Amino acid sequence: MSSDDERDEKELDLTSPEVVTKYKSAAEIVNKALQVVLAECKPKAKIVDICEKGDAFIKEQTGSMYKNVKKKIDRGVAFPTCVSVNNTVGHFSPLASDETVLEEGDMLKIDMGCHIDGFIALVAHTHVLQEGPVTGRKADVIAAANTAAEVALRLVRPGKKNQAVTEAIQKVAEAYDCKIVEGVISHQMKQNVIDGSKSFLSVSTPETRVDDAVFEENEVYAIDIVASTGDGKPKLLDEKQTTVYKKDADVKYQLKMKASRFIFSEIKENFPHMPFTARSLEEKRARLGLVECVNHGHLLPYPVLYEKPGDFVAQIKFTVLLMPNGSDRITSHSLQEVQPTKTIDDHPEIKEWLALAIKKKKGGGKKKKAKKAGEKVETSTEAEPMETSSNAQE
């Protein structure tokens, strides 16, 4: 039996071409879903409508896949669409009754995920609702998040330690006079596991610690960078705004209320592994039942946190496969043009990190041409960086 178990385990990582295909298929769908969501982001558009369209697109696209296989393959939303504005840090995916709309000039963080057979692709992108280049502190914070993400992509590689990535991300944020938001963790992902045991912090604090770890070949990571023009210590303002949850399979507490048992049974059936939004549940019973489920640990909430009014928060998240031939970033979206007030010209260490190759070179490998001259040349390799990552480093 043990050899069978070992073979099953091996088939579930990147050594299996089928697994790689499922990751990349999920990534292709979530990248398209992000474009769909961005197209809906206009002044006066309701955020809840945008979130619903993002989730519906992922369900529709994944629903047409693997329909004729003998064994049922679970697929769909791996993280519900969230659209968080300005000083909101993340996880804003409101209920149907919410009337919040977008306004001209808003800075949006769009965060979403797709999975096929439990193999997860996550992405988050920052966009400002305006024509023309983004300037001032908004540009600084987008540049900080994006440059830190580019550095992390180059440092999350086999043999490297997680703590080194945390230190590098901090240095990038400081170069743009921004702070990395506390409590944000980048996780290893496995089949049906969105937050695996290996992880790294974007910023280390006395309150938050993760175990030391070394990255290894054939691992998958969701690299998540959240930067702020504020102090990076967000606050929970209203628990009622929390709508995104994930089931904790380890908790065995017997729920007392009928509404709680009903809702938890629905969650076990429909969302056994992935985070979900309360919008997906039967709403009247959900409000009543979710409280007991959260209070006794059955559900882990993703709270909606805020920096101070007037602060701006940017997020870049992508999924990377640590393949034998190098790192393969499978989710991303081009940035709009940004013109930050700060540069990394006086930071040779950051430039050295950005100059690191993402893929192992083969004879005659083609290098991707940078869009503009200047620092972009250093971030341009034969891997697929976000095309305007260069803008963040001008």
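In strand S15, Gly-326 is the bridge partner of Met-323. The model in which this pairing is found is a predicted one. Met-323 belongs to strand S14 (residues 313-323) and Gly-326 to S15 (residues 326-329), and the two strands pair in the antiparallel sense over 4 bridges.

Strand S6 (residues 185-189) is joined by 3 bridges to strand S7 (residues 199-201), and the two run antiparallel. Within this pairing, Ser-199 of S7 stands opposite His-187. S6 is also joined to strand S8 (residues 220-228), again by 3 bridges and with the strands running antiparallel. Here Met-189 has Val-220 in S8 as its bridge partner. In general, strands of a sheet pair through backbone hydrogen bonds, in either a parallel or an antiparallel sense.

An open sheet is formed by 3 strands in the order S11-S10-S12, with antiparallel pairing. Its edge strands are S11 (276-277) and S12, each of which pairs on one side only. Between strand S10 (residues 244-247) and S12 there are 4 bridges, and the pairing is antiparallel. Lys-246 has Leu-300 in S12 as its bridge partner. Helix H7 (residues 283-295) lies across S10 and S12. The direction of H7 is at about 105° to S12.

Strand S12 also takes part in an aromatic contact. The structure holds 6 aromatic pairs. One of these pairs is formed by Phe-79 and Tyr-302, in an edge-to-face arrangement with 5.2 Å centre to centre and 80° between the planes. Because Phe-79 lies in strand S1 (residues 75-85) and Tyr-302 in strand S12 (residues 299-302), the pair ties together parts that are 223 residues apart in sequence.

The helices are considered next. Two packed helices are described by the angle between their axes and by the distance between the axes. Helix H8 (residues 348-355) packs with helix H5 (residues 162-175) at an angle of about 125°, and the axes are 10 Å apart. H5 and H8 are therefore oblique to each other. The crossing in which H5 passes H8 is left-handed. On the H5 side, the contact involves Ala-168, Lys-171, Val-172 and Ala-175, which meet Glu-349, Ile-350 and Trp-353 in H8. By class, the residues of the contact of H5 with H8 comprise 5 nonpolar, no polar and 2 charged.

H8 also packs with helix H4 (residues 136-155), at an angle of about 55° and with the axes 8 Å apart. H4 and H8 are therefore oblique to each other. H4 passes H8 in a left-handed crossing. From H4, the contact is made by Thr-147, Glu-150, Val-151, Arg-154 and Leu-155, and from H8 by Ile-350, Trp-353 and Leu-354. The residues of the contact of H4 with H8 divide into 5 nonpolar, 1 polar and 2 charged.

Note on methods
Residues numbered from 1 in each chain as written. Predicted model: local features only at pLDDT ≥ 70, side-chain atom pairs only at ≥ 80, totals over all residues. Heavy atoms only, no water. Axes fitted to C-alpha atoms, helices over the stretch in contact; angles between N-to-C directions. Parallel < 35°, antiparallel > 145°, perpendicular 65-115°, else oblique. Left-handed = near helix turned anticlockwise from the far one by under 90°. Contact = heavy atoms within 4.5 Å. Nonpolar A, V, L, I, M, F, W, Y, C, P; charged D, E, K, R; others polar. Pairing = 2+ DSSP bridges. Phe/Tyr/Trp six-rings, centres within 6.5 Å; stacked < 30°, edge-to-face > 60°.
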